[in-house]
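Keep the sequence and the 3D view at hand while reading.

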Amino acid sequence: MKDKKKWIIGISACVLLMFSVFFVFNQGKSNEQVVTEYFELLKKKDYKQMYQMLNSKTVYTPTQKYFVEKYKEFYEEIDAKNIQIKILDEQDNVIEYLIYIDTLAGRITYRNKVGGQK
């Protein structure tokens, strides 16, 4: 049962990160800058600023209060620490990156591509 909980936590963390970053608004910055900035805010637990980076035109996100409460609850529950991002490639406004997060479930490594829209 303990291992099942760890897998659920790990998979949930990856999915939450994937959907959040996919809908980030670039505001004239390169995708690499946006992805790096977003994860720096996560490290600082600055959920309000993370919410401000979301593109309201492309994602349904409830209020900032709801976003902050859910992110805070989730990342504190999994005890997310040592969040690192490694940019692998950026071509044609698409960025590929790896995320590493130490959690109660162990180290999570997640690979993703985002971008392609301007």
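The model described here is a predicted one.

**Overall layout**

The chain contains four helices and three strands. Their order along the sequence is α-α-α-α-β-β-β. There are 118 residues in the chain, and 37% of them count as buried. Among the contacts with a separation of 6 or more, 46% are between residues 24 or more positions apart. The accessible surface of the chain is about 7500 Å², and carbon and sulfur atoms supply 52% of that surface.

**The nonpolar core**

In soluble globular proteins, nonpolar side chains tend to be buried together. In this model, the largest nonpolar core has 25 residues. Phe39, Met50, Phe67 and Tyr75 have the most contacts inside this core. Two or more residues each come from the helices α2 (31-43), α3 (47-53) and α4 (64-77), and from the strands β2 (94-103) and β3 (106-115). Which element gives the most to the core? It is α2, with six residues.

**Aromatic rings**

The chain has seven aromatic pairs. Two of them are set out below.

| Pair | Centre to centre | Angle between planes | Type |
|---|---|---|---|
| Phe67 and Tyr71 | 4.2 Å | 25° | stacked |
| Phe74 and Tyr75 | 5.1 Å | 85° | edge-to-face |

Why is the pair of Phe74 and Tyr75 edge-to-face? Planes over 60 degrees apart count as edge-to-face, and the planes of Phe74 and Tyr75 are at 85°, so this pair falls in that class. For a stacked pair the planes must be under 30 degrees apart, and those of Phe67 and Tyr71 are 25° apart.

Phe67 and Tyr71 are separated by about one helical turn, because they are four residues apart in helix α4. Both Phe67 and Tyr71 are buried. Phe74 also counts as buried, because its relative accessibility is 18% and the limit is under 20%. Tyr75 has a relative accessible area of 2% and is therefore buried. Ring pairs join Tyr47, Tyr51, Phe67, Tyr71, Phe74 and Tyr75 into a cluster.

Is Tyr66 buried or partly exposed? Tyr66 lies in helix α4, and its relative accessible area of 41% makes it partly exposed, since that class runs between the 20% and 50% limits. Tyr66 is 15 residues from Tyr51 in sequence, and the C-alpha atoms of the two are 10.0 Å apart in space.

**The strands**

Strand β1 (residues 81-91) pairs with β2 in the antiparallel sense, over eight bridges. Lys81 has Asp102 in β2 as its bridge partner. The strands β1 and β2 form a hairpin, and two residues lie between them.

Ile108 and Ile83 are 25 residues apart along the chain, and their C-alpha atoms are separated by 9.6 Å.

Terms used: Residues are numbered from 1 along each chain as its sequence is written. This is a predicted model: local features need pLDDT of at least 70, side-chain atom pairs count only at pLDDT 80 or more; totals for chains, interfaces and linings use all residues. Side-chain values use heavy atoms; hydrogens and water are left out. A nonpolar core is a set of buried Ala, Val, Leu, Ile, Met, Phe, Trp, Tyr and Cys residues joined through side-chain atoms within 4.5 Å. Buried means under 20% relative accessible area, exposed over 50%, partly exposed in between (1.4 Å probe, protein chains only). Contact means heavy atoms within 4.5 Å. Accessible areas come from the Shrake-Rupley method with a 1.4 Å probe; for residues, only the protein chains shown count as cover. Rings of Phe, Tyr and Trp (its six-membered ring) pair if their centres lie within 6.5 Å; planes under 30 degrees apart count as stacked, over 60 as edge-to-face and the rest as tilted. Two strands pair if DSSP finds at least two bridges between them.
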